[in-house]
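Here is a short briefing to read alongside the sequence and the 3D view. Have both open as you go through the points.

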Amino acid sequence: MRQLTFIKPGVFEWHDVRAPVLQNGAQALVRPLAVTRCDLDLYIATGVFPMPGPFAFGHEIAGEVIDVGEDVVTVVPGDRVIVPFQISCGTCRMCQRGLTNACLSVPPYSAYGLAPSSGTDWGGGLSDCILVPFADAMLVKLPEGLSLVSAAAMSDNAVDGYRTVAAPLLEYPGTDVLVVGGLAQSVGLYAVKAALALGAGRVVYRDFDARRLAVAQSMGADTIETVYARDMSVTEQFAITVDAAGIPDALSFVLKSTAPCGICTGVSAGSGTVAEVPLRQMYMKGITYTVSRVHARTGIKDIIDCGLCHDLHAHGIVDATRPFSEAADAMAEGNTKTVFLAE
Ligand SMILES: [Zn+2]
Ligand SMILES: [Zn+2]
């Protein structure tokens, strides 16, 4: 079968590889039909985030089940499914708590399309077939009427944005939310979308990018064009804040903009450093700062249950559509989010 392989920044190749086969009764084979470009993929493709090739690429996946093992009970061939990007067993003590990002049954950071993270090749979404090792625990059937485009992004980035505001809004219903956007391009916009849909008060979106600001504004956010810099003046306090910028100065700013007893969630580690953590302010105000990868499988279920999934891709978060065959060239394009569709 064909498989898109990342070689090095700027270089992808389609390789002919052996198609996966079922190895036990708990597994399924899925044919990817729609694969969205994760925000991280752009930076791997361009070398901003170094990852050693070669490895199979693509991890935000929606597709069709083509075969299942004898023990699988939740899906049958022909079902359209969302495939969470992280591999999770559903039965270990971490999965049982919903912490599917930390599954104990597989090497840490096991995921599709990111083999160097875990040291294990789980295949990639931009291929003719992927093996799903724990089909009942991982696969989620597409709800009626949900587009493949929305479904694919729910594998990772859409759920990542959702979780930054969903739990905090339960604690502070109707409150104002600040999202600081930037390098996690689509995650920040999905956070805006989720905050508005979940009944936040005013949603303020800051970014330096005019295109993303326009998308956030079209959703109903108050937008403020912002160049992140040291010692930015803090003008407002928000009980819920989100760092999707991945830029040290932006993190300092968003922490200082978090109101007493507020909750700040970071969706990336940015450059791996921070310019300044305002620890004394955070201590005095009692700020909760969470920085974590998303628990994808758990979040997919949550986002479907709340009904938000149906127009996640509206307002142009996904702003380019390409066939699989153009993925090698299109992966490094500078748009916000691309969906690749199987031909
Ligand atoms: Zn991702
Ligand atoms: Zn597990």
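Predicted model: local features only at pLDDT ≥ 70, side-chain atom pairs only at ≥ 80, totals over all residues.

**Overall build**

- The radius of gyration is 19 Å, which agrees with the value near 20 Å that a compact globule of 343 residues would have.
- Along the principal axes, the C-alpha atoms fill a box of roughly 55 × 40 × 35 Å.
- Of the 343 residues, 52% are buried.
- Among contacts with a separation of 6 or more, 68% join residues 24 or more positions apart.

- Domain 1 brings 16 residues to the contact, and domain 2 brings 19.
- On the domain 1 side, helix α11 (residues 296-305) gives the most, with five residues.
- That side of domain 1 is made up of eight nonpolar, four polar and four charged residues.

**The β2-β1-β4 sheet**

- Three strands make an open, antiparallel sheet in the order β2-β1-β4.
- The edges are β2 (11-16) and β4 (55-56); each has a single partner strand, so one side of each is left without a neighbour in the sheet.
- Strand β1 (residues 2-8) is joined to β4 by two bridges in the antiparallel sense, and F6 stands opposite F55 in β4.

- Why is strand β10 (residues 203-207) described as largely enclosed by the rest of the structure? Five of its five residues are buried, so the strand is largely enclosed.
- The burial covers both faces of β10: V203, Y205 and D207 lie on one side, with V204 and R206 on the other.
- Strand β9 (residues 177-180) runs parallel to β10 and is joined to it by four bridges; V180 stands opposite R206 in β10.
- Between β9 and β10 the chain passes through helix α7 (residues 185-197), in a right-handed β-α-β crossover.
- Strand β11 (residues 222-225) also runs parallel to β10, again with four bridges, and the bridge partner of D207 in β11 is E225.
- From β10 the chain goes through helix α8 (residues 210-219) to β11, and this β-α-β crossover is right-handed.

Note on methods. Residues numbered from 1 in each chain as written. Chains lettered and ligands numbered in written order. Rg over C-alpha atoms; globule rule 2.2 N^0.38 Å. Buried ≥ 20, exposed ≤ 12 C-beta atoms within 10 Å, placed from the backbone. Contact = placed C-beta atoms within 7 Å. Nonpolar A, V, L, I, M, F, W, Y, C, P; charged D, E, K, R; others polar. Pairing = 2+ DSSP bridges. Right-handed = clockwise from strand over helix to strand, strands pointing away.
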